[in-house]
Amino acid sequence: MRFVFVTGISGAGKITALKDFEDNGFYCVDNLPVALIENFVHLLFSQTNDIQKVAIGVDIRSGENLDRMPEILENMEKREQNYEILFLDCNNETLIKRFKETRRSHPMGDADSVENEIHEERIQLAFLREKADYIIDTSNLLVRDLRNQIENIFINNQDYKNLFITIMSFGFKYGVPADCDLVFDVRFLPNPYYVPELKKKTGLEAEVQDYVLSSKISHEFLNKLYDMIEFLIPNYIKEGKNQLVIGIGCTGGHHRSVTVAGRLFQKLNESDANYGIRITHRDITR
């Protein structure tokens, strides 16, 4: 039997995750009282019917009873009832924004601010994060990205190193994205903006890509960029980093940054790596 505890910070996507588990044939239960979990687990592992994939949502709504979870997990291990823990995380800024947009209150709702409630929640869920087999940071993920990650791990059974990489092209004239961990300035590369037939095109088109990559320095830069990123990734994974945002910037975010971001994405995506990856072009439509 595959038994998954789905947990994490409120607003990080647990409900979305459970829906995806259900869509993929898992028997799902959300917010089952902690006092009933052990009996439920015993019933499932002793049954002989067709339920072979189960996902249970556990989070801060369990209140004081959450303190019983370490004992429950320990008892499952003693009985050789195998389980996995998926922990969904997200940065505070994004969480606060999500709560404001949905106009929903935080489940802890008794602190003087959402930020303080999130802080207290992190403290109470720290033991589950430490025991988690998989940690997905949803700060920069779309719903489809989260679903892809869940399906890669639990349906396609791909190895996963708890790192999700976002490659983001942008234009410096609109500001550097606040959530970038690494920023590379490619304004020294050939600029299609000054070529009339390329000016209104973007780095998604072959003609622009060919122009940007037409010089020797472009290829030299890409090779050095690949080497650096491929060196950093395993070290970030070793350090426990869950989210890596790589910013590639040019003047307007239409040509050079889009081209380089696309090539970096292609290179990393072809490396048969065991981390999640996506690409986004922040300013391409501006």
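# Reading the terms in a predicted model

User: What makes C180 count as buried?

Analyst: C180 has a relative accessibility of 16%. Buried means under 20%, so C180 counts as buried. The model is a predicted one, and the value is computed from it.

User: How do you know that C180 is in no disulfide?

Analyst: The nearest cysteine sulfur to that of C180 belongs to C250 and is 13 Å away. A disulfide needs two cysteine sulfur atoms within 2.5 Å, so C180 is in no disulfide. C250 is likewise in no disulfide, its nearest cysteine sulfur being that of C180. A search of the whole structure finds 0 disulfides.

User: Is C250 buried or exposed?

Analyst: C250 has a relative accessible area of 2%. The limit for buried is under 20%, so C250 is buried.

User: What makes strand β8 mostly covered?

Analyst: In β8 (residues 243-250), 8 of its 8 residues are buried. Q243, V245, G247 and G249 are buried on one side, and L244, I246, I248 and C250 are buried on the other. Both faces of the strand are therefore covered.

User: How do you know that β6 and β8 pair?

Analyst: There are 8 bridges between β6 and β8, in the parallel sense. Pairing asks for at least two bridges, so these strands pair.

User: Why is T166 called buried, and what is it in contact with?

Analyst: T166 is found in strand β6 (residues 164-171). Its relative accessible area is 0%, and buried means under 20%, so T166 is buried. Leaving aside neighbours within four places in sequence, T166 is in contact with N140, Q243, L244, V245, I246, R278 and T280.

User: Why are β2 and β5 said to stand at the edges of the sheet?

Analyst: The open sheet has 5 strands in the order β2-β3-β1-β4-β5, with parallel pairing. β2 (27-30) and β5 (134-137) each have a single partner strand, so one side of each is left without a neighbour in the sheet. From one strand to the next, the twist averages 20°. Within this sheet, β1 (residues 2-8) is joined to β3 (residues 53-57) by 5 bridges, and F3 has V54 of β3 as its bridge partner.

User: Which helices lie across β1, β4 and β5?

Analyst: Helix α5 (residues 114-131) lies across these strands and runs at about 140° to β4. Helix α6 (residues 143-154) also lies across β1, β4 and β5, running at about 165° to β5.

User: Why is the pair of F3 and F45 called tilted?

Analyst: The centres of the two rings are 5.9 Å apart, with 35° between the planes. F3 is in strand β1 and F45 in helix α2, 42 residues apart. F3 is buried at 1% relative accessible area, whereas F45 is partly exposed at 28%.

User: What makes the pair of F5 and Y83 edge-to-face?

Analyst: The ring centres of F5 and Y83 are 5.8 Å apart and the planes stand at 75°. Planes over 60 degrees apart count as edge-to-face, so this pair is edge-to-face. F5 and Y83 are both buried. Ring pairs link F3, F5, F45 and Y83 into a cluster.

User: Which residues touch the most other members of the largest nonpolar core?

Analyst: They are F3, F5, F21, I37, M69, L86 and F154, in a core of 49 residues. Helix α2 (residues 34-46) gives the largest share, 5 residues. A second, separate core of 29 residues includes F184, L198, L213 and L268.

User: Why is E80 called exposed, but N31 partly exposed?

Analyst: E80 has 66% relative accessibility, and exposed means over 50%, so E80 counts as exposed. N31 is at 29%, between the limits of 20% and 50%, so N31 counts as partly exposed. N31 has a positive phi of about 60° although it is not a glycine, and E80 also has a positive phi of about 60°.

Key. Residues are numbered from 1 along each chain as its sequence is written. This is a predicted model: local features need pLDDT of at least 70, side-chain atom pairs count only at pLDDT 80 or more; totals for chains, interfaces and linings use all residues. Side-chain values use heavy atoms; hydrogens and water are left out. Helices (H or I, at least four residues) and strands (E, at least two) are DSSP runs, numbered from the N terminus. Axes are lines fitted to C-alpha atoms, for helices over the stretch in contact, and angles run from 0 to 180 degrees between N-to-C directions. Contact means heavy atoms within 4.5 Å. Buried means under 20% relative accessible area, exposed over 50%, partly exposed in between (1.4 Å probe, protein chains only). A nonpolar core is a set of buried Ala, Val, Leu, Ile, Met, Phe, Trp, Tyr and Cys residues joined through side-chain atoms within 4.5 Å. Rings of Phe, Tyr and Trp (its six-membered ring) pair if their centres lie within 6.5 Å; planes under 30 degrees apart count as stacked, over 60 as edge-to-face and the rest as tilted.
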